[in-house]
Amino acid sequence: MKSRSDESQDDVLLDFKELFEVILKRKVWLVVCTGLGAVFSVFYSLSIPNTYSSETLLASKNDTQDRLSEIAGSYAGLAQMAGISLGSDVGNDDYFILATMNSREFFKKYFFTDVDLMIELLAVTAWDSETNSYSYNESIRNQLIEASNDGVGFGEAGFALNEVYRDFRGKYSVSQQQYSNFVLVSIQHLSPFVAQKWVERIVSSIDSEIRNRDIKKAESSIEFLNEQLGKNSLVSLNSVFGRLIEDQTRTLMLAYADSDYVFDMIEPPIVNFVKVSPKRAVICMWITGLSFLFSLFLILCQHAYMKNKSISQ
């Protein structure tokens, strides 16, 4: 006499055998549906345009703030005795530069006002590698051109800054390598030529932004230090002011003379024809697998429905 556990195991085996027989009977349906899913996955993956990436490796060359901090820290106590604050807490300028590059204001100033860059960001839908030509969303392109010709801001023309910036950030990446002063800037676009141009634009824009900022700060600092130098009677503080003025003058000299003020370019951006997406093989595998599972689910649901119907009758 069989125990309950033995009977339960037999029932499980019978259920699996029954399901296997049902699948075999509907194997043509299963193969057809899975095949259709595979064909659809191929056409779908081919319909997705290629995306290309360009990147550059940069080395920060900003050491002015460290020197000023060292000088200010050394003589802060002496300056306070004379009632003057040298502001020794200057912070980390590298973090400021990275934050600026990631900021909405930086994008607004150097991208959101340029009609050509906005068309490349919002209106380009495909790139033809053979002719190096673009397909556009003509409606968006015409809106941008019309707004530019009329002197109307793109925000007023219906392109919200936050939404456009979010779209841009989905294609743009800037990061500092851990424990080093190396910065990696990367852009993805449907055209490798546009990706390279954008990386170059970002590097030149941040160079211009930080250069102009440092020139203004240095000129203001020199003016302030000269005023303090005229008011002060302590010889030791005159020496401090002299060194600070010397460093600020050095900053001005570098800002005006150095073509690469913020970064040294270790690896320049190139036109990279190797696509980074889509991963068509992965897409086809996922869609084909889901088609198989969905077809199997439908077969089992139909079998369960017909079985319950026959039992109820």
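How are α6 and α8 oriented to each other, roughly parallel or roughly perpendicular? The legends below take up this pair and two other views.

This is a predicted model, in which local features need pLDDT of at least 70 and side-chain atom pairs count only at pLDDT 80 or more, while totals for chains, interfaces and linings use all residues. Residues are numbered from 1 along each chain as its sequence is written, and side-chain values use heavy atoms, with hydrogens and water left out.

**View 1. The packing of helix α6 (residues 115–122) and helix α8 (residues 161–169).** The two helices pack at an angle of about 70 degrees, with their axes 10 Å apart, and α6 and α8 are therefore roughly perpendicular to each other (65 to 115 degrees). Met118, Leu121 and Leu122 of α6 make the contact with Val164, Asp167 and Phe168 of α8, where contact means heavy atoms within 4.5 Å.

**View 2. Helix α2 (residues 27–47) and its buried face.** The 21 residues of α2 should span 30 Å at 1.5 Å a residue, and the end C-alpha atoms are 30 Å apart, which agrees. Leu30, Cys33, Thr34, Gly37, Ser41 and Ser45 of α2 are buried (under 20% relative accessible area, whereas exposed means over 50%, with a 1.4 Å probe and protein chains only). Seen down the axis of α2, these buried residues fall within an arc of 100 degrees, so they line one face of the helix. On the other side of α2, Val28, Val31, Leu36, Phe43, Leu46 and Ser47 are exposed.

**View 3. Arg211 in helix α9 (residues 192–231).** Arg211 is buried, with a relative accessible area of 15%. Leaving aside neighbours within four places in sequence, Arg211 is in contact with Leu254, Ala255, Asp258, Ser259 and Tyr261.

Note on methods
Helices (H or I, at least four residues) and strands (E, at least two) are DSSP runs, numbered from the N terminus. The expected span of a helix is 1.5 Å times one less than its number of residues. The arc is that of the directions from the helix axis to the C-beta atoms. Axes are lines fitted to C-alpha atoms, for helices over the stretch in contact, and angles run from 0 to 180 degrees between N-to-C directions. Angles under 35 degrees count as roughly parallel, over 145 as roughly antiparallel, 65 to 115 as roughly perpendicular and the rest as oblique.
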